[in-house]
Amino acid sequence: MKHLIYESDEKAYHSKAFDLCFGDLSTGSFDIETTGLSPARSYVILIGFMELSDEGCRLHQFFAENLSEEEDIIRAFLDVAKDTDVLLTYNGRTFDIPFMEKRMSMYPALADEKLRFYDLDMYTVISRFSPLKSFLPNLKQKTVESFLGLWTSREDEISGAESVDLYFRYLSDRDPETEELILCHNRDDVLQLARLMQVLRKTDFHKAMYDMGFPMKRLPGAPHDALPESIVVNKISITPQHLEVYGKQQYNGTTRMIFESGETPYTLGMDSVDMDFHASLPLVVHENMKNLFIADLRPLGIEEEPFAVYPQFSDGLLVLQNGNDIYYPQAVHFVREFLNKAIWNNK
């Protein structure tokens, strides 16, 4: 097995929309090379992972010099990426992540492991929440790169299919030039994926997070014994009466049932067996404007100043939805603040 490390002057991506959900999380871009499309019959032979930071990035490649080293490269990746919260992928939800988990299940020592990273799948965000598919010929990673003017940043000129053929040739001749072609292809995919994040400015990223869900973790200052350490919001539902939030606890779940009384009559149920959680908060019902879905921040003790930027906020009241129109930025923002209070400020 080879573990190759490259330093890059690439910087982590930032925007107001992105930082709302990911600003306090560690992120890395991720891509795998395999010997085929079926995880039941094919192997992971190369894992590319780049740690993203404001100071610069470090790219790791874990290369199997023969097929028997698949478990070794998976273990090495898991060790290096153990403190990462979010994996940035391109079609990872359909291919990379399920492929890795299937291959991990083949090894007794890894069979119970799960890739507990949140997968920020750029392909899903672009295909569902941007207009790009209406005028681009396809949404392949290289096509989107070309649209953004990033094609000149690439060095490799091979496809994923060609990479497979090259790997089997490498197993026969151990040619260093063949090895470098494979490594370069993967290295460029991982580097370009980080650069591709600028396309998020051309998406409705708030709606993407509302529909796809988003991760959260216990912030500094929360009680140390406030579990779990992190969660993933999977579903948000707004009705005239309630805001309902469903999700999964990560790593170390807890079992709790909270029924707040008085001014904040929300409920929170958490189960350490199936790792689910469900929070429900009554919304303000306006007698003369029943089409408004309103959350009251003050009884919850949520700081009001960050919400003052929204036109639909006044006197501690935040409109989450008007008729059929959901205000995605403030809805996501409020859900995050509500869960921070409900989960990590209550024992």
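Buried here means under 20% relative accessible area, exposed over 50%, and partly exposed in between, using a 1.4 Å probe and protein chains only. The model is predicted, so local features need pLDDT of at least 70 and side-chain atom pairs count only at pLDDT 80 or more, while totals for chains, interfaces and linings use all residues. Residues are numbered from 1 along each chain as its sequence is written, and side-chain values use heavy atoms, with hydrogens and water left out.

View 1. With a relative accessible area of 14%, F313 is buried. F307 counts as buried too, at 0% relative accessibility.

**View 2. Aromatic pairs around F307.** The structure holds 21 aromatic pairs; rings of Phe, Tyr and Trp (its six-membered ring) pair if their centres lie within 6.5 Å, and planes under 30 degrees apart count as stacked, over 60 as edge-to-face and the rest as tilted. F307 and Y310 sit 6.1 Å apart, centre to centre, with planes at 50°, so this pair is tilted. F307 also pairs with F313, again tilted, at 6.3 Å between centres and 40° between planes. Y310, like F307, is buried.

**View 3. An aromatic cluster.** Y13, F18, F22, Y118 and F205 come together as one aromatic cluster.

**View 4. Burial in the protein chain.** Zooming back out, 53% of the 347 residues in the protein chain are buried. The C-alpha trace spans about 75 × 45 × 35 Å along its principal axes.
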